[in-house]
Amino acid sequence: MMRLKSKCAIVNENTTLVDMDPGSFKTFDTDYFKLVSKRRGLFHSDGTLLTDPFTRAYVQHHATGAFKDEFFANFAASMIKMGNANPLTGSQGEIRKKCSMVNH
């Protein structure tokens, strides 16, 4: 944690790069869940996963590292769902400046 605080000392600076999954950033694996379960996630949304009983159980389940095949199957299914989402493009949609509000 101290390493992250020293790397990100300036609050609004947005050019510093940090690993989202330190120690495992070159591998696609379930180590992310181990970090989140220890409350060592990088983003606010990582910590939020532990506030809901369903998502907390999912994180803790995969933090064990014993269910890699299940995780990869879940990930593949989610990528297919995202690919079928048909997002709005061009003038049909917009990128929100604040996620919770429509741009005016």
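Cysteine 8 lies in the loop between α1 and α2, where helices (H or I, at least four residues) and strands (E, at least two) are DSSP runs, numbered from the N terminus. Welcome to a quick tour of the chain around that residue. This is a predicted model, in which local features need pLDDT of at least 70 and side-chain atom pairs count only at pLDDT 80 or more, while totals for chains, interfaces and linings use all residues. Residues are numbered from 1 along each chain as its sequence is written, and side-chain values use heavy atoms, with hydrogens and water left out.

**Overall build**

- The protein chain has 5 helices and 0 strands, and its pattern along the sequence reads α-α-α-α-α.
- The radius of gyration of the protein chain is 17 Å, well over the 13 Å that the globule rule gives for 104 residues, so the chain is more spread out than a compact globule.
- For that comparison, the radius of gyration is taken over C-alpha atoms, and the globule rule is 2.2 Å times the number of residues to the power 0.38.
- The C-alpha trace of the protein chain spans about 45 × 40 × 30 Å along its principal axes.
- Of the 104 residues of the protein chain, 12% count as buried (buried means under 20% relative accessible area, exposed over 50%, partly exposed in between, with a 1.4 Å probe and protein chains only).
- Taking contacts (heavy atoms within 4.5 Å) in the protein chain between residues at least 6 apart in sequence, 29% join residues at least 24 apart.

**How α4 meets α5**

- Two packed helices are described by the angle between their axes and the distance between the axes.
- Helix α4 (residues 53-63) and helix α5 (residues 68-83) pack at an angle of about 130 degrees, and their axes are 9 Å apart.
- That angle makes α4 oblique to α5; angles under 35 degrees count as roughly parallel, over 145 as roughly antiparallel, 65 to 115 as roughly perpendicular and the rest as oblique.
- Here the axes are lines fitted to C-alpha atoms, for helices over the stretch in contact, and angles run from 0 to 180 degrees between N-to-C directions.
- The crossing of α4 and α5 is left-handed, a label used if the near helix is turned anticlockwise from the far one by less than a right angle, with right-handed used if clockwise.
- On the α4 side the contact is made by Tyr58, His61 and His62, and on the α5 side by Glu70, Phe71 and Asn74.
- Sorted by type, the residues of the contact of α4 with α5 are 2 nonpolar, 3 polar and 1 charged (Ala, Val, Leu, Ile, Met, Phe, Trp, Tyr, Cys and Pro count as nonpolar, Asp, Glu, Lys and Arg as charged, and the others, Gly among them, as polar).

- Cysteine 8 is partly exposed, with a relative accessible area of 37%.
- The C-alpha atoms of cysteine 8 and lysine 81 are separated by 34 Å, the two residues being 73 residues apart along the chain.
- Serine 24 sits in the loop between α1 (2-7) and α2 (31-37).
- Serine 24 is buried, with a relative accessible area of 3%.
- Not counting residues up to four places away in sequence, serine 24 touches Asp29 and Asp31.

**Positive phi**

- Most residues other than glycine have a negative phi.
- Arginine 39, in the loop between α2 and α3 (44-48), has a positive phi near 60 degrees, and is exposed at a relative accessible area of 63%.
- Asparagine 86, in the segment after α5, has a positive phi near 50 degrees, and is exposed with a relative accessible area of 63%.

**The α4-α5 loop**

- Alanine 66 lies in the loop between α4 and α5 and is exposed, with a relative accessible area of 58%.
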